[in-house]
Amino acid sequence: MNEGEPAKLLKACGAFWKMIAGWVTWPLQQFDPLTCAEPLLNLLAYDRDIARFNGEPLALFRKRVAYAFINALGAGEIAGFIAIFERLGIGYVELLERQAGIDWDVIIVRVTDSQIANNADLLLQIIRQYGRTCRRYQFEVITTTGLRIRAGWNQGEYVCYPASLGVSETENATFGAKL
C-alpha cells in the first residue's frame, strides 16, 4: 500500500484534509490581536475600547489591543502604570505623587526627551485612557549624563566663603558655598 496509486491517494487525501483543517481553525486564530487580520483587529479594538490615533504604527496598535485588559487592570496604581509603559515599549518612566510645593492632584511623569519625541501621541493616549480621574499629569524630562569623580587627599584647611545672589536686601536671599 506504500507504493503506486494508493500512496498518491494517501498523499492527496492528507493535503486535502490539512487544507480543510486550516479552514476550520482559521477563525480560532483570529482572536489573537498580534496575528489576526486587520479588519478583525479593528473589531477587537472596538470591543476593548481602544482607538487608533493618527499615524500609529500597526504593530503598536496590535500591542495596545492585545494588552488592553491587563493595562486597564493595573492602571490604578503606580506599578501598574509603569508596567503599561514597559509593555508598550516606551521604556523607563518615573511617577511621583504629592510632591512638596506642587498641588496634591498633580502626578509628575518623568521620561527622557527621546521618549517624548518618539511617542508624544502615545503618551497622551495612555494618560487619557488609563490616567486617574481627577488627577492632572505633568511631564518632566530626565537626562542621564556621565560623571567622573576622582578621590584624593589634601591636607588643607576648611574654609567657608559666603556668597549672595545679588538681589536687594529686602528679599533676604543669601546663599552659602562651602569648600
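At 64% relative accessibility, Cys134 counts as exposed, where exposed means over 50% relative accessible area, buried under 20%, and partly exposed in between (1.4 Å probe, protein chains only). Cys13 is partly exposed, at a relative accessible area of 35%. With a disulfide taken as a pair of cysteine sulfur atoms within 2.5 Å, the count is zero disulfides.

The model is predicted: local features need pLDDT of at least 70, and side-chain atom pairs count only at pLDDT 80 or more, while totals for chains, interfaces and linings use all residues. Residues are numbered from 1 along each chain as its sequence is written, and side-chain values use heavy atoms, with hydrogens and water left out.

The protein has seven helices and five strands. These elements are DSSP runs numbered from the N terminus, with helices being H or I of at least four residues and strands being E of at least two. Read from the N terminus, the order is α-α-α-α-α-β-β-α-α-β-β-β. Of the 179 residues in the protein, 25% are buried. A contact requires heavy atoms within 4.5 Å. Among contacts between residues at least 6 apart in sequence, 46% join residues at least 24 apart.

In soluble globular proteins, nonpolar side chains tend to be buried together. A nonpolar core is here a set of buried Ala, Val, Leu, Ile, Met, Phe, Trp, Tyr and Cys residues joined through side-chain atoms within 4.5 Å. The largest nonpolar core has 27 residues, and Phe81 and Ile126 touch the most other members. Two or more residues of this core come from each of α2 (38-47), α3 (58-66), α5 (78-87), β2 (106-111) and α7 (120-130). The largest share, five residues, is that of α7.

Helix α5 has the buried residues Gly80, Phe81, Ala83, Ile84 and Phe85. They pack against α4 (68-74), β1 (94-97), α7 and β3 (136-141). Beyond residues up to four places away in sequence, Phe81 touches Gly74, Ala75, Leu95, Ile126, Ile127, Tyr130, Gly131 and Tyr137. After α5 comes Gly89, with a positive phi near 80°.

Helix α7 also holds Gln125. This glutamine is buried, at a relative accessible area of 13%. Apart from neighbours within four places in sequence, Gln125 is in contact with Ala51, Phe53 and Arg64.

Next is helix α2, where Leu41, Leu44 and Ala45 are buried. Seen down the axis of α2, these buried residues fall within an arc of 100°, so they line one face of the helix; the arc is that of the directions from the helix axis to the C-beta atoms. An α-helix has 3.6 residues a turn, so residues three or four places apart point the same way. The face of α2 turned away from the buried side carries the exposed residues Pro39, Leu43, Tyr46 and Asp47. The cover over the buried residues of α2 includes α3.

Leu40 also lies in helix α2, and this residue is partly exposed, with a relative accessible area of 29%. Leaving aside neighbours within four places in sequence, Leu40 is in contact with Trp26 and Gln30. Leu40 and Gln30 are ten residues apart in sequence, and their C-alpha atoms are 7.2 Å apart in space. After α2 comes Asp49, whose phi is positive, near 60°.

The strands remain. Two strands are counted as paired if DSSP finds at least two bridges between them. Strand β2 is mostly covered, with five of its six residues buried. Strands β1 and β2 run antiparallel and are joined by four bridges; Leu95 stands opposite Val109 in β2. Between β2 and β3 there are six bridges, and this pair runs parallel. Here Arg110 stands opposite Glu140 in β3.
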